[in-house]
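Visitor: I would like to learn how to read the contacts and sheets here. Could you take me through them?

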Amino acid sequence: MIRINCPYCGLRGHDEFSYIGDATKQRPASPADATAAEWHDFVYIRDNPRGPHQEIWQHIQGCRAFVRVLRNTLTHEVLATGLPQDDLLAGASGPAKTEEAKTGEAS
Amino acid sequence: MAEYSAFNLLRNAISGHKDWRRAWRDPEPKKQYDVIIVGAGGHGLASAFYLAKNHGIRNIAVLEKGYLGGGNTGRNTTIVRSNYMLEENAHFYEKSLQLWEQLSQELNFNVMFSQRGVTNLAHSDNQMDAFARRGNTMRMNGIDAELLDRAQVRREMPYLDFSDNARFPIYGGLKQPRGGTARHDAVAWGLARGADRLGVDIIQNCEVIGFKQKGNRITAVETSRGEIGCERIGFAVAGHTGHLAAKLGMKLPIESHVLQAFVSEPLKTLIDTVVTYGAGHFYVSQSDKGGLVFGGDIDMYNSYAQRGNTPMIEHVVSAGLAMIPSLSRLRILRHWGGIMDMSMDGSPIIGKSPIDNLYLNCGWCYGGFKATPGSGWVFAHTIANDQPHAINAGLTLDRFERGRMVDERGAGPYPNRH
Amino acid sequence: MIFNRRFDQPFRLAEGGEIDRLAPVSFRFDGKTYQGYLGDTLASALLANGVRLVGRSFKYHRPRGIYSAGPEEPNALVELRTGGRHEPNTRATMIELFAGLDARSQNRWPNLLLDVMQLNALLSPVFVAGFYYKTFMGMPGWRFYEHFIRKAAGMGSGTTLSDPDSYDKMHTHCDVLVIGGGPAGIAAALAAGRSGARVMLLEESDALGGRLRSERRNLNGEPAMRWVRGAAAALEALDTVTVMTRTTGFGYYDGNVIAAVERISDHLATPPEHAVRQRLWHIRAGRVVIAAGATERPLVFTGNDRPGVMLASAARTYVNRFAVQPGKAAVVFANNDDCYQTALDLHRAGIEVQAVVDSRPDGHGAAKQQAETAGIECVTGAAVIASHGYLGLNSVDIAPISADGLTVTGPVWQLSCDLLAISGGWSPNVHLHSHAGGRPVYDPGIAAFIPGPSRQAERSAGAGAGTLGLADCLRQGAEVGAEAATLLGFTPPAIEIPTSDEPATGPLKALWRVPGPGKKYVDLQDDVTSSDVELAHREGYISVEHLKRYTTLGMGTDQGKTSNMNGHAIMAEERGDSIEDVGTTMFRPPYNPISLGAIAGRDIGMHFSPTRRSAMHDWHAENGAVFVEAGQWMRPQIYRRDGESDVKADMDRAISREVTETRGGVGMVDVSTLGKIDIQGPDSAEFLNRLYINGWKTLPVGRARYGLMLREDGIVFDDGTTSRVGENRYFMTTTTANAGPVMSHMEEYLQVHWPELNVKVVSVTEQWAAMALAGPKSRDVLAAAVEGLDVSNEALPFMGVRETRIAGVKARVFRISFSGELAYEINVPADHGRAVWERVMAVGAEHGIIPYGTEAMAIMRIEKGHVAGGELDGRTTADDLGLGRMSSSKKEYIGRRMADREGFLDPARPKFVGLVPVDGKSRARVGSVLVADNTMQPPVPMLGHISSSAYLSPTLGHPISLGLVEGGMSRVGETVWAMFPLRDEAIEVRIVDPVFYDKDGERLHA
């Protein structure tokens, strides 16, 4: 079980969540001005990294919040969690960044 | 006389099996190859085999990071079928099925292709309607299909849950009699031996580290066993295509996900066909050794770890027992994971890439194993002719930009829903 | 008490053991009745009765006996219990004896003694590793040969009966989880438990003690089990410690979650009333101490598989723990000091020990001396090179071997014996460490793999860590347990480690293959021999994974516990590489095979998926409804009247009746299953504008509008009506199938992409009961039902929305129509759904109101040409469905910018049309493929398909269909063929307008 720290509910098993996908994909802010290539990139293209990956999960069987999760795709280790707009790689302040290692929750 | 035959087996039995040759050589990589295929799984080996056999190209290397057949070729649930509805898939998978039908003879290696039939169960009128459409389309394409009603399903598979306790009663099913299973490892070994005998160098324990490029071409591959030059290069590393493409600064419409598979303890024959549940994701067949081999959904999150977690295991097993309650006291012997290239429309990408001499064979989602010979056949054609064959022309990388998705499930650009 | 002679247990010792001699238990094996004692396993009870032949091997059907005393058992697999509780491949060594136990041998015909399949053994020179890859390729094809191979393969038989037992799932947390209740595990649990940490200790067998239950050891000068019982009592006394026996930690998953199975009732004939058979535990642990012990390896020599050949540790278990003699005359053969202790234990149990054969050139110290003192002949620098006996061991050949173990160096001599106890050293059980992502490393000191660096919060202790001495196990267990507690912030007090009397032992000397000709089994269950490994090497299958897959080494039910290390080491010798370089195969969960029932738990049968019923469900049931599954929902399909059955003719009559009476009068259908979403906030209109392709800014309060939404890729996602019920409040309906996905979709855009929008959404599907009242008389019925609401066409026009009361309950009335009739949808709080439904039915009685089901609803929808599930198949665009004109070009909405790609504009895309049979009566089925000509041979170019059909439109008097066809409405009037080759049907159909009924909407607006 991957264990995700929901900013609102705390540490929960991933079976309470629904996986949404890559969190780094920004929907074009001005849809009419975005090029076809930009739309294609947003809808279809994925970095798909082997290692830390910022992704969105919905706590669908909990508070239904969308949670941004920084997770290592090689080990499934959750490195940080925050709100969807947080940049977890930059260490931006989310209300509830997890400290997985300390509590022994590292996967 | 064929190297592998009952006669030679008897002859060797008398001489203590001392005379068998290596199934494939263990060559040192040469400096330069006409074609390099990255990935010695079923697809890569089949590509090399058909490049050599059909297109006369013999100076080929297949580079493999670990041991050949060690990726998804040896991790899948071994189902072979061509019961696809959409034009772009149907002809391709049917070609593959036709190649399966002759593969053991072609390779002189018994891949144990067992055409025991594949039946998809339906649990509602809507599902029966969708299967009718798919089956009719298959028949119009010249592919075998039969629509079974509940009574027919019951006759063929009495062990399914026909009781009042079934949450989703069985309405019927769509059967492809020519579908079935094959021995997955044997496919890799047979293709490796076949390619090797045609002069292909299969180089194991050779990890691709980077590429040398000149203009819009790849001139050489940097590997853990040194630099190897190439004229053309094909990727057949499904599961890891994104990772490899990233070394070229290329991003793809693919996510890597882990799919788990399971095998039970061996049993006397109980399930003599391949059957899939329609009210949940579960498919099962029984191996010749006797183990029930089954699988379900991917774990849903991006992953490069070849292991999954308990929620999906429990979900898959629940679906299995909902379909066949009498399996309850049987035991799981092993479960493992493989990494799938999940494409954005659930269909593979097999064709040219934005780099002139690089060809992509990826995005196989759940379905790569059955495609093995067909994939190799069309990929070889594509590499040899620098253009796709008619039957993989719809499976190009640019179909997403062009709005020509091949979405068999109608699930949309969400790779984990296919 | 007087026992029948056959209840004698000729191999039972007069005293000792953990068995309860006051509790004799009778059981059956292969139809014969025997007796054992409570505390026995099936294996020990069989041995006590002198039953040595228990099973047959997988490939050659070689006679096999009991090889071990634990989960590693490769041979003694039986079919246990009967009927729906039938369990194949059950290890006799793991079955606790219970009264009435019924077990049968398997994989033999007609019986165990006379198994005709043992003829396979004659063909064994042919049946080498991978033989089937080299033959069976010719006519008549693999399917033919496979039939016979499959008959021979497999082990036990399955059943087609359902399991009468039930299973539970449990979830729990703890600070320190200790897996394994042997000395190291006990010490770890004590050390961690006394710190105040919440500790769980899992033990696979029925009691704590591990190997101490099987060994004659003293701790603190007393029998070790006394210390174990004291420790168990001490753990029991700690509030924060939970000890679970009969519980196997079988898999180590992400997040430091360990899966374990607890066997609640397997040691009983049947589970007690209301008790489950097994429980699956998910344990979320802070730290894990893996004290899973080690597994003894056999030695690989000719005939090492005969009944009577047994692991040395198992022989000790049988004499010490079960007070059973596994034979009367024994030889002990080992490459380590285990042989001397074994010989002493056997000797003490009255077994005549003929010799100890130690393969090491010189014996070692104290242990050997003790054995010699006891008068046991000890031979060093020698090996057992063959065994003899048809259905069981009767003698062994012994010969001196060279120091490198490769050759026989002297004359062979024979010793009679019926027991050969062997030990090739111990392999730590590194499975869980490996599941957790650890990579085991080779330790040449014990010639086995031990845990490598940890990847999760775990550490191994005791024999599982490669620590084989008792004192060291206890010390390490305490240390690792204390460390785990400390890392979690607890302060463990020092615990007292008992002193052990074990003699010093000398080092093992690896001996992977004993020299000599003949079949030497590496994997006993699957009959993989050392020559199979050699053949695999010769043919290039040299990686351990290739070896495993080519020879099936380690692929039996024992998961290679006794075979992998030997097999991999032999491959290393063949390759001339180090064992470290050759490596080991991946350890896959589960550690031991786990029943599917435990994994599924309660989520089977009717509980596979929740069943959703509307508030009016019981009314429907009481009024003749035939229900049908619609996803998780149960919906009335039709309502039967007295005397009607569910034969097709009656069904058809009911459907026609419901359509006709609704269109001619009034009918009501339960539409509670539609997704319902409450949308509130000042930006709601803007949000809807972005969600739907049509405009929402101008919708006034009290009005509804039909909306269509796309996915981001421009494909149609869902449709439904949304009503403005307040200044900043909207009420959306979705299709039944997409209720959940649409809700998540909206939440995603609000939370992730458009957090600036001030909108809140909540699903209210379950909160509202909904019913659609349709037909020309619906207004009259509604007028009679509502309290104080003007329902005239002027006051409540088409698409109007009002609040009112019905039966005293607050209700929302929407004048919307799916049927094409004058119609209203009434929503009321779900708790009052049935009361309101009944009120409407009551006031409608004088107008002849009827309830109608989903079939009539679907037919009326097809007559009206509305799109539904059949058309919204995840591949169609708004244009394909003839709904492109809804799109507002004045705004941006989800999917707009992806819907103008080349493929979307292709004129060849099939488009929405109506279809009628040219002959006016043939029924074109859903799923028919549309083609130009019914005579073409495959592959036939296809023009489209039929997506919905009313096999008879009661309104029009003939069948009608909806479909998508190339060219769409530009082809109205043309005919095409609807092909249904699956049923051998071809029907000529004419393309028509999809709106078959009331095209101008006069009835809607009436």
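Guide: Gladly. Two residues are in contact if their C-beta atoms, placed from the backbone, lie within 7 Å. This is a predicted model, in which local features need pLDDT of at least 70 and side-chain atom pairs count only at pLDDT 80 or more, while totals for chains, interfaces and linings use all residues. Residues are numbered from 1 along each chain as its sequence is written, and chains are lettered from A and ligands numbered from 1 in the order in which they are written.

Visitor: How many residues do chain A and chain C put into their contact?

Guide: Chain A gives 25 residues and chain C gives 26 residues. Helices (H or I, at least four residues) and strands (E, at least two) are DSSP runs, numbered from the N terminus. On chain A, strand E3 (18–22), helix H1 (36–44) and strand E4 (52–58) each supply at least two residues of the side that touches chain C.

Visitor: And how many residues join chain C to chain B?

Guide: That contact takes 91 residues from chain C and 84 residues from chain B. Helix H2 (residues 142–152) of chain C gives the most to its side, with five residues.

Visitor: What is the strand order in the open sheet of five strands in chain C?

Guide: The order is E2-E1-E7-E5-E6, with mixed pairing. Strand E2 (32–38) and strand E6 (87–91) of chain C are the edge strands, each pairing on one side only.

Key: Two strands pair if DSSP finds at least two bridges between them.
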